[in-house]
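Student: I have a structure open and would like to go through it piece by piece. Can we start with a loop and work outwards?

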Amino acid sequence: GNLMKELLPFSEHPSGPLTALCTDVFTKILLTGSKKGHIIRWNIASYLEDSQNKKNEIKEELCWRAHATKVVDLFIEVEKNVVVTASTDGSVRLWHAMTGYYFGYFGQARKFELSDTSRLILPSDVNNFPAIIKEESKHMEKKKVKYPLMLDRDK
């Protein structure tokens, strides 16, 4: 749950400093958790096959707000297609790995219904739905501002 890496955001959802990461067993998906409670799913398969090829990039595919506070741990269960996240808010939550849909939290009274992803619900402390990142998205870099109105004493 400590700071691992500071990233520039790919989308309007700021990723913030990364505090947790994991891959699936096939090392095709990378999941990162942030200090601000976001989970980001990255496609790393093509990059790992040939990292020297500049066309093979690490692609951000999905971003969702999982917790209101820092994500301290997460893992993906490929067979069930779920992501488990833990946070400093004291909750451990279950999400659909491909869509970011919320299934529930550990300790809830009802059973997890993993087959129903049509019922879109959110935890009480999160109000943003998952955002699918378009492939053509690029880093939103800070733009350098030119100041054309400058005092020219010679004029």
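Predicted model: local features only at pLDDT ≥ 70, side-chain atom pairs only at ≥ 80, totals over all residues.

Student: Is V78 buried or partly exposed?

Tutor: V78 is partly exposed, because its relative accessible area is 32%, and buried would need a value under 20%.

Student: Which residues form a nonpolar patch with V78 on the surface?

Tutor: V25 and F26 do. Together the three have about 310 Å² of accessible area.

Student: What else is in that loop between β6 and β7?

Tutor: N81 is in that loop too. Its phi is near 60 degrees, which is positive, and N81 is not a glycine.

Student: Why point that out?

Tutor: Because most residues other than glycine have a negative phi. N81 is also partly exposed, at 24% relative accessibility.

Student: Where is T27, and what is its phi?

Tutor: T27 is in the loop between β2 and β3. Its phi is positive, about 55 degrees, and T27 is not a glycine either. With a relative accessible area of 35%, T27 is partly exposed.

Student: OK, zooming out. How many helices and strands are there?

Tutor: The protein chain has one helix and 10 strands.

Student: Which residues touch the most other members in the largest nonpolar core?

Tutor: That core has 15 residues, and L31, I39, W64, L74, I76, V83 and W95 touch the most other members. Two or more residues each come from β2 (17–23), β3 (29–34), β5 (59–65) and β6 (71–77). The largest share is from β6, which gives three residues.

Student: What other core is there?

Tutor: Apart from the largest one lies a core of five residues, including L30, W42, I44 and C63.

Student: Why would nonpolar side chains gather like that?

Tutor: In soluble globular proteins, nonpolar side chains tend to be buried together.

Student: You mentioned C63. How many disulfides are there?

Tutor: Zero, from a search of the whole structure. C63 is buried, at 2% relative accessibility. C22 is buried as well, with a relative accessible area of 11%.

Student: New topic. How many salt bridges are there?

Tutor: Two. One joins the side chains of E61 and R41, with N to O at 2.9 Å. E61 is in strand β5 and R41 is in strand β4 (residues 38–43), so this pair ties together parts that are 20 residues apart in sequence.

Student: Are E61 and R41 buried or partly exposed?

Tutor: R41 is buried, with a relative accessible area of 7%, while E61 is partly exposed at 23%.

Student: Which residues make the other bridge?

Tutor: R93 and D89, whose closest N and O atoms are 3.9 Å apart. R93 is buried, with a relative accessible area of 7%, and D89 is partly exposed at 32%.

Terms used: Residues numbered from 1 in each chain as written. Heavy atoms only, no water. Core = buried A, V, L, I, M, F, W, Y, C linked by side-chain atoms within 4.5 Å. Buried < 20%, exposed > 50% of the residue type's maximum accessible area, 1.4 Å probe, protein only. Helix = DSSP H or I, 4+ residues; strand = E, 2+ residues; numbered from the N terminus. Patch = residues over 30% accessible without salt bridge, like charges linked within 9 Å, V, L, I, M, F, W, Y side chains within 5 Å. Areas by Shrake-Rupley, 256 points an atom, 1.4 Å probe, with all protein chains shown as cover. Salt bridge = Lys/Arg side-chain N within 4 Å of Asp/Glu carboxyl O. Disulfide = S-S within 2.5 Å.
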